[in-house]
Amino acid sequence: EAVEASEIGLLTANDAGLLDGLPAAPWHPLFASEEKDSTPDLSFQLKARFSSTGYALVLTDFAHVWFSCADAEKIEAMAEANAGLQVSPDATKVDFFNQLLEAMLIFPERKYSGHVKVAEFDRDPDAGPESTPNLTLDCQMLIDSVFPFHWTFEFSPLGSRTTQGAFLRDHLFFPLSAIFFCQSSKTTRQGGLFPFRPPQHTFLSAPSTPTRPLPPFHGQNHLSYRRLGRQTR
């Protein structure tokens, strides 16, 4: 079954509202480093949803899943750290900063310059070795090569490790395997020389049959499959 926001153990009702609909968003690659002046050596996948009420983010390194939310009030408070920026007259402060954050996180190769992302992990010393640490993503960039822009995203674990695994299954692994099977079937129908057979002992294989049918496409997952398909081609 799909993971619902109510299962994640969110701290506030605002977070639940901001996360609503986020699973249908496409995944985007995000690269960061553990030190400010080092080459990015950490690879993540990011889902992001920006709206007039705030933003919601989900981040994964394929082993852990984190989320970060900020409502309009919090964005306006955090924007004070960038008080030198002139807000566009045809946009609200929330929309203006959401556009900058979207450029910073999703389109760094297309917009602005001087992008730096530093990830810091904060593990609870009393938690077990398999627990998910908190994550702080410190981001910087230059607007028009002149004006510095800085934002710090505070990420918390997306529920338990079981919940995180279910989220990855429903919103990453199943859509990817569906795309893989569709492409393989298309190649086979077109006379491909090497029809796909899933390797043994993986989530793509089944004990008694060469392939395993995937759950039917429906609801928000259907949008996720379609969008992820366009994103990964």
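Reply: A polar atom of the side chain of Ser 177 lies 2.9 Å from the backbone oxygen of Phe 174. The model is a predicted one, and the distance is computed from its atoms. Ser 177 sits in helix 4, which covers residues 161-189. With a relative accessible area of 3%, Ser 177 falls under the 20% cut-off, so this residue counts as buried.

As for the protein around that helix, it has five helices and seven strands. Starting at the N terminus, the order of the elements is α-β-β-β-β-α-α-β-β-β-α-α. Of the 233 residues, 39% are buried. Among contacts with a separation of 6 or more, 56% join residues 24 or more positions apart. The protein has an accessible surface of about 13,400 Å², and carbon and sulfur atoms account for 54% of that surface.

Gln 45 belongs to strand 2, residues 42-51. The relative accessible area of Gln 45 is 18%, and because the limit for buried is under 20%, Gln 45 is classed as buried. Leaving aside residues up to four places away in sequence, Gln 45 touches Trp 27, His 28, Pro 29, Val 58, Leu 59, Thr 60 and Phe 62. For one of these, Leu 59, the C-alpha atom is 5.8 Å from that of Gln 45, although the two residues are 14 residues apart along the chain.

Strand 1 supplies the largest share, five residues. By type, the lining is made up of ten nonpolar, five polar and four charged residues.

To return to the part you asked about: Ser 177 is buried, is placed in helix 4, and has a side-chain polar atom 2.9 Å from the backbone oxygen of Phe 174.

Methods:
Residues are numbered from 1 along each chain as its sequence is written. This is a predicted model: local features need pLDDT of at least 70, side-chain atom pairs count only at pLDDT 80 or more; totals for chains, interfaces and linings use all residues. Side-chain values use heavy atoms; hydrogens and water are left out. Helices (H or I, at least four residues) and strands (E, at least two) are DSSP runs, numbered from the N terminus. Ala, Val, Leu, Ile, Met, Phe, Trp, Tyr, Cys and Pro count as nonpolar, Asp, Glu, Lys and Arg as charged, and the others, Gly among them, as polar. Buried means under 20% relative accessible area, exposed over 50%, partly exposed in between (1.4 Å probe, protein chains only). Contact means heavy atoms within 4.5 Å. Accessible areas come from the Shrake-Rupley method with a 1.4 Å probe; for residues, only the protein chains shown count as cover. A polar contact is a pair of N or O atoms within 3.5 Å; within protein, one must be able to donate a hydrogen and the other to accept it, and residues adjacent in sequence count only if both atoms are side-chain atoms.
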